[in-house]
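The sequence and the coordinates are shown first.

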Amino acid sequence: MKIREKTEKKVFAYLEEHRMIAPGEKIVAGVSGGADSVCLLFLLLSYRERVPLSLAVAHINHSIRSDAEEDARYVEDLCRESGIPFFLTVADVRRRALEEKCSEEDAGRRIRYEAFRRAAEELGGARIAVAHNSGDNAETMLFHLFRGTGIKGLSGILPVRTDRDGMKIIRPLLCLEREEIEAYLEDRGIEWRRDSTNSGDDYRRNRIRHHILPYAEREIAGGAAEHMLQTAELLQETESFLEQQTREALEACATVEEHRATADVERFLQFHPALQKRMLYELLCGLSPEGKDIFAVHIRDTMDLFQKSGHRSVSLPFGITARRQYGEVALERTETSDLRKDINSEKKVPLTEEIFTHPAVYDLGEQGKMEFQGISVKKDREVPGNRYTKWFDYDKIKESLVIRSRRQGDFLTIADGGGNTVHKSLKKYMVTEKIPRQLRDEIPVLAAGSHVLWLAGWRISEYFKVDGNTKRILQVKLYRDCEESETEEENVGTH
């Protein structure tokens with residue numbers, strides 16, 4: 001069987017197994033110009049020959065790479081040749097990430113799905129097709145596993161998902177490995193664009209893609225990604241069953257209103273602990289602004305209220321309070337509460353030898369978490385290029401550090417081009433970089449007195465940089481809330 005015939009037979013069977021496309025359906029395909037999304041487009045065009053459907057393409061220029069406009073022209077040409085509508089969105093991902101205080105990965109994902117929805121609505125209602133493959137699914141499973149997750153996180157990427165607005169998202173290529181995708185395109189003589197950002201290791205997912213999965217395929221078990229897909233499908237069935245059980249349990253012991261939920265303690269405790277935790281997760285997510293950023297520690301703190309009698313309460317994120325009162329536990333979010341934790345109050349960071357064995361983590365509320373770790377210098381280690389991971393010469397830091405918002409008199413040291421450094425006020429730096437005025441007080445500042453080591457997500461001070469004489473390193477990481485959330489695949493690009 002030829003490669004084209006074999007691939008199309010496999011994908012079409014997967015489409016039909018999961019009932020992704022009904023005859024006459026309208027489909028918007030997210031096409032970046034990369035191998036995966038171009039393969040998706042041509043497979044949908046072939047499927048249209050056997051099942052009638054309306055097809056359009058949405059392309060997003062993230063304004064990050066210099067050749068992004070060439071990608072857009074390439075995809076537009078493919079659409080013109082195929083006679084299908086082309087929707088282009090041009091967006092500034094870096095600015096969006098700054099405004100929403102999240103990673104560029106997450107900002108890009110939000111922009112993509114907003115563009116897909118607009119195109120789908122313009123067509124009068126359509127399903128969105130995206131090009132995640134089995135490798136993406138394996139990366140997602142491992143990424144969630146390494147960070148700590150539940151069954152839902154281990155279930156990987158769903159073949160069909162309905163978002164909060166009722167939009168259907170389908171993934172016809174989940175059954176294919178990357179090698180099969182490229183072989184299909186080569187067999188048909190179809191070219192594709194290559195994204196340079198996919199080849200580096202700046203993003204954590206890329207490290208899994210480039211190092212961990214290839215090692216597993218080579219040294220542990222051939223077809224590892226395909227085997228993980230099979231496991232994901234079993235876990236998805238389990239998760240679906242547990243979701244049903246959770247809904248039934250909530251109906252039996254809880255009452256849900258806007259901004260408030262109550263649960264009968266006696267009835268709640270009759271259920272298995274696994275269902276108890278799931279019920280609390282559902283209730284707390286329902287009270288949080290975007291239905292996320294509820295973690296195991298919040299569930300554990302709330303569980304204590306059911307297991308210990310007496311009038312007690314705990315404070316949770318987003319202004320949510322859990323309170324034990326007589327025979328029930330009430331969860332309530334104060335509508336007028338300030339959901340943003342104030343970073344104007346200093347968080348002192350004592351630098352002791354202990355951080356070389358036990359990293360210290362500081363909660364900055366909606367700004368995320370900042371982690372400090374001491375590292376001994378090794379010749380084979382490279383300075384990270386990640387925007388949210390920075391290295392400093394530990395022994396150059398002579399006074400206590402604090403995490404806070406900007407203050408009058410703050411300054412950075414910058415190179416003057418002649419081999420020396422000069423002071424530049426933080427205010428002037430922010431103006432030069434065109435950081436929006438309304439965001440300047442919200443960016444975490446790591447400082448020693450008025451000397452700013454790092455304007456988080458932006459620049460570090462030249463004075464504290466590591467060099468050839470550095471013997472010990474202070475590594476500082478900023479974890480944004482939107483990166484830590486346990487969504488399924490949504491930080492994966494469209495390739």
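In strand E14, Phe-372 is the bridge partner of Ala-360. The model is predicted: local features require pLDDT of at least 70 and side-chain atom pairs pLDDT 80 or more, whereas totals for chains, interfaces and linings use all residues. Residues are numbered from 1 along each chain as its sequence is written, and side-chain values use heavy atoms, without hydrogens and water.

Strand E13 and strand E14 (residues 369-376) pair in the antiparallel sense over four bridges; pairing requires at least two DSSP bridges between two strands. Helices (H or I, at least four residues) and strands (E, at least two) are DSSP runs, numbered from the N terminus. The two strands belong to an open four-stranded sheet with antiparallel pairing and the order E13-E14-E21-E15. Its edge strands, E13 (360-363) and E15 (389-393), each pair on one side only.

The axes of helix H1 (residues 3-17) and helix H2 (residues 35-48) come within 11 Å and cross at roughly 80°; axes are lines fitted to C-alpha atoms over the stretch in contact, with angles from 0 to 180 degrees between N-to-C directions.

The structure holds zero disulfides, a disulfide being a pair of cysteine sulfur atoms within 2.5 Å.
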